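Student: I would like to learn how to read the features of a protein model, one at a time. Could we go through them together?

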Amino acid sequence: MYIVFTGAPGSGKGTQAKRLLAYLGIPHLSTGELLREAKSSDNSLGRLAAQYMDQGRLVPDPLVLELVLERLSRPEYASGCLFDGFPRTLQQAKSLDSTLAARGTPLDLVLELRVDENELVGRMLKRAAAERRADDNPQTIAQRMEVYRKETEPLLAHYSKQGRLATIDGTGAPEEVFQRIRRTVDAKRGRSQS
Ligand code: AP5
Ligand code: MG
């Protein structure tokens with residue numbers, strides 16, 4: 001299956017991706033993680049990406065698309081994967097649609113994790129204390145939220161028109177959220193058990 005996880009910063013995409021990957025046995029494709037890896041290896045891509053990420057702005061589409069298309073060309077991505085934090089712009093979404101259509105493997109499902117903004121900010125500030133992600137500070141969090149609303153939220157209408165969007169309540173314990181996701185995925189696979 002090809003599944004997209006979307007939702008505002010802090011909505012739980014990474015947390016739930018781990019569970020869903022284990023459940024479905026498909027590979028993960030998180031552009032945030034790929035970009036953070038590039039940043040920590042301090043190559044030219046990483047230095048360029050850091051200029052955007054540390055300000056809470058989106059890394060330019062051509063850079064992100066190059067990273068994603070390289071991954072997708074690997075054999076382990078031939079029969080499915082979980083996109084986490086990608087696509088984030090209409091251009092990325094259209095490019096993904098056409099790449100997957102050309103391979104004959106269109107997206108199966110787009111899962112939106114929905115959580116109210118106060119809770120999102122609280123989660124990220126809590127993580128800031130524990131993990132020190134460079135973009136988890138109040139100013140950058142506000143910028144990431146703004147970018148999400150302007151650039152990424154419009155994708156919900158794009159995928160809804162395609163009949164691929166499922167919105168999941170992302171509040172409650174992570175395990176409860178996962179059970180909602182699992183039911184949606186199972187229903188899509190035509191073997192819902194509950
Ligand atoms: P990215 O890494 O994708 O970050 P993000 O979207 O800002 O989201 P987060 O990773 O912060 O949150 P998440 O939804 O994964 O939630 P998580 O599970 O961690 O992108 C970072 C940057 O990279 C972007 O700003 C941009 O610059 C660049 N970038 C990435 N992709 C790009 C693209 N496609 N195009 C252009 N630029 C791109 O959870 C958050 C916290 O909450 C954790 O501490 C977690 O433990 C906690 N938590 C999770 N679930 C729950 C729960 N149910 N209850 C309580 N706490 C919870
Ligand atoms: Mg994440």
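Student: Which kind of contact joins the side chains of R133 and D135?

Tutor: Before I answer, please note that this is a predicted model, in which local features need pLDDT of at least 70 and side-chain atom pairs count only at pLDDT 80 or more, while totals for chains, interfaces and linings use all residues. Residues are numbered from 1 along each chain as its sequence is written, chains are lettered from A and ligands numbered from 1 in the order in which they are written, and side-chain values use heavy atoms, with hydrogens and water left out.

Tutor: As for the general idea, side chains of opposite charge can pair when their charged atoms come close. A salt bridge is counted when a side-chain nitrogen of Lys or Arg is within 4 Å of a carboxyl oxygen of Asp or Glu. R133 and D135 meet in such a salt bridge, at 3.0 Å from N to O, and by this rule the count comes to 17 salt bridges.

Student: Is D135 buried or exposed?

Tutor: We call a residue buried under 20% relative accessible area, exposed over 50%, and partly exposed in between (with a 1.4 Å probe and protein chains only). D135 has 11% relative accessibility and therefore counts as buried, whereas R133, at 21%, is partly exposed.

Student: Where do E146 and R149 lie?

Tutor: Helices (H or I, at least four residues) and strands (E, at least two) are DSSP runs, numbered from the N terminus. An α-helix has 3.6 residues a turn, so residues three or four places apart point the same way. E146 and R149 both lie in helix α7 (residues 138-152), 3 residues apart, about one turn of the helix. Salt bridges that share partners also join R127, R133, D135, D136 and R144 into one network. As for E146 and R149 themselves, they form a salt bridge whose closest N and O atoms are 3.6 Å apart.

Student: Which residues does T6 touch?

Tutor: A contact means heavy atoms within 4.5 Å. Leaving aside residues up to four places away in sequence, T6 touches K13, V110, L111, E112, L113, Y148, T152 and L156. T6 is found in strand β1 (residues 2-7), and at 7% relative accessibility T6 counts as buried. The C-alpha atoms of T6 and L156 are separated by 8.7 Å, although these residues are 150 apart along the chain.

Student: How many residues line the largest pocket?

Tutor: On a 1 Å grid over the protein atoms alone, a pocket is an open set of points where a 1.4 Å probe fits, with protein on both sides within 12 Å along at least five of seven lines, and lining residues have an atom within 4 Å of a point. The largest pocket is lined by 46 residues, of which G10, K13, R127, R133 and R144 lie nearest its centre.
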